Every structure is written in C-alpha cells, then in structure tokens.
Amino acid sequence: MTPSNHPTKAPIHLHFVGIGGNASSGVSVALKKLGYQVTGSDENILPPADGILKRGGLEPADGFSKSNLDDRVELAVVGPDIQRGNPELEAILERKIPFTSWSALLSNCLLYTSPSPRDRG
C-alpha cells in the first residue's frame with residue numbers, strides 16, 4: 001500500500017513511541033487517514049488522546065517493549081517524553097531503525113509532501 005499523494009519511497013509503516021500525547025495521537029490518526037500503516041505504544045493514555053486514537057482506528061500497545069516493534073517498521077516517531085533507557089528507543093537504536101520526532105515528521109509532510117528526509121532529493 002502506498003499513500004495516494006506521497007512518493008513510493010516514503011516510509012509506509014510508522015511506529016509512534018509515546019503515541020498517547022494529544023499532539024502525537026492527532027498526528028498518528030491523520031497519517032493513518034493518509035494511508036500509512038501506523039502502530040504505537042504508550043503508558044496510561046488519558047482523554048482526550050485515548051478517544052482520538054480509538055475513533056481513528058488505532059489500538060496502541062499498553063506499555064513499552066521491544067516486542068512492540070514489528071520487523072516492518074520503516075520509521076519510528078519518538079515522543080518528546082521518551083528518554084534513553086526506554087526499551088523501544090533502545091531497540092530502535094540497536095536495530096538502526098530511522099527515527100524522528102512527530103514535529104519534524106509533520107513539518108516534512110507539510111513542507112516536502114513526504115515524511116522521509118531521504119525523499120527531498
């Protein structure tokens with residue numbers, strides 16, 4: 001599946017580490033609606049983010065674990081509260097999965113029509 005208005009080189013499977021914030025939940029649902037496969041994880045997701053994710057068809061993993069990272073994840077989106085020592089972040093670094101912040105991802109989508117810096121040419 002390729003998002004309809006993005007180059008085929010753009011990452012298709014995005015994983016949000018810390019998907020439960022108000023901004024991260026909204027960005028993740030918007031990207032899902034654009035055609036990306038979106039997964040994520042967080043702890044204690046509270047309103048309104050829990051409702052945003054549910055209405056958007058996303059069911060994040062409860063808690064952080066390297067097992068939350070599917071082998072097909074092409075780009076990890078790391079939330080601002082995630083720090084070294086988080087098992088998912090450590091697995092991302094160990095597996096050399098490209099990563100970004102949700103704000104940089106959103107900026108790339110709006111400015112360059114692709115969430116991946118490699119597609120800017």
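Two residues are in contact when heavy atoms lie within 4.5 Å of each other. The exercises below concern a predicted model, in which local features need pLDDT of at least 70, side-chain atom pairs count only at pLDDT 80 or more, and totals for chains, interfaces and linings use all residues. Residues are numbered from 1 along each chain as its sequence is written, and side-chain values use heavy atoms, with hydrogens and water left out.

**Exercise 1. Contacts of Val38 and Ser28**

State which residues Val38 is in contact with, leaving aside its neighbours within four places in sequence. Then describe the surroundings of Ser28.

Solution. 
Step 1. With those neighbours left aside, Val38 is in contact with Leu14, Phe16, Ser28, Leu31, Lys32 and Leu58.
Step 2. Ser28 belongs to helix α1. When residues up to four places away in sequence are not counted, Ser28 touches Phe16, Ile19, Val38, Leu53 and Leu58.
Step 3. Ser28 has 0% relative accessibility and therefore counts as buried; the term buried means under 20% relative accessible area, exposed means over 50%, and partly exposed lies in between (1.4 Å probe, protein chains only).

**Exercise 2. The overall arrangement**

Determine how many helices and strands the protein has, and describe the sheet.

Solution. 
Step 1. Helices (H or I, at least four residues) and strands (E, at least two) are DSSP runs, numbered from the N terminus. The protein has 4 helices and 5 strands, and along the sequence they follow the pattern β-α-β-α-β-β-α-β-α.
Step 2. The 5 strands form an open sheet in the order β3-β2-β1-β4-β5, with parallel pairing. Because β3 (61–62) and β5 (99–100) stand at the edges, each with a single partner strand, one side of each is left without a neighbour in the sheet.
Step 3. Two strands pair if DSSP finds at least two bridges between them. Strand β1 (residues 13–17) and strand β2 (residues 37–42) run parallel and are joined by 5 bridges. Val17 stands opposite Ser41 in β2.

**Exercise 3. Helix α1**

Check the span of helix α1 (residues 22–33), and state where α1 lies relative to β1 and β2.

Solution. 
Step 1. The expected span of a helix is 1.5 Å times one less than its number of residues.
Step 2. Helix α1 lies across β1 and β2 and runs at about 170° to β1. Axes here are lines fitted to C-alpha atoms, for helices over the stretch in contact, and angles run from 0 to 180 degrees between N-to-C directions.
Step 3. The buried residues in α1 are Ser24, Ser25, Val27, Ser28, Val29 and Leu31. Just after α1, Gly35 takes a positive phi of about 110°.

**Exercise 4. The nonpolar cores**

Identify which residues of the largest nonpolar core touch the most other members, and locate Leu105.

Solution. 
Step 1. A nonpolar core is a set of buried Ala, Val, Leu, Ile, Met, Phe, Trp, Tyr and Cys residues joined through side-chain atoms within 4.5 Å.
Step 2. The largest core has 14 residues, of which Leu14, Phe16, Leu31, Val38, Leu58 and Leu105 touch the most other members. At least two residues come from each of β1, α1, β4 (75–78) and α4 (102–112); α1 gives the largest share, 3 residues.
Step 3. A second, separate core of 11 residues includes Leu69, Val73, Val78 and Ile92.
Step 4. Leu105 is in helix α4 and is buried, with a relative accessible area of 0%. Leu105 and Val27 are 78 residues apart along the chain, and their C-alpha atoms are separated by 9.0 Å.

**Exercise 5. Salt bridges**

State how many salt bridges the structure holds, and explain what the pair Arg95 and Asp71 ties together.

Solution. 
Step 1. A salt bridge is a side-chain nitrogen of Lys or Arg within 4 Å of a carboxyl oxygen of Asp or Glu. The structure holds 3 salt bridges.
Step 2. Arg95 and Asp71 form one of them, at 3.6 Å from N to O. Arg95 lies in helix α3 (residues 87–95) and Asp71 in the loop between β3 and β4, so the pair ties together parts that are 24 residues apart in sequence.
Step 3. Asp70 forms a salt bridge with Arg72, with the closest N and O atoms 2.7 Å apart. Asp70 is partly exposed at 26%, whereas Arg72 is exposed at 55%.
Step 4. Glu90 and Arg84 also meet in a salt bridge (2.7 Å, N to O).
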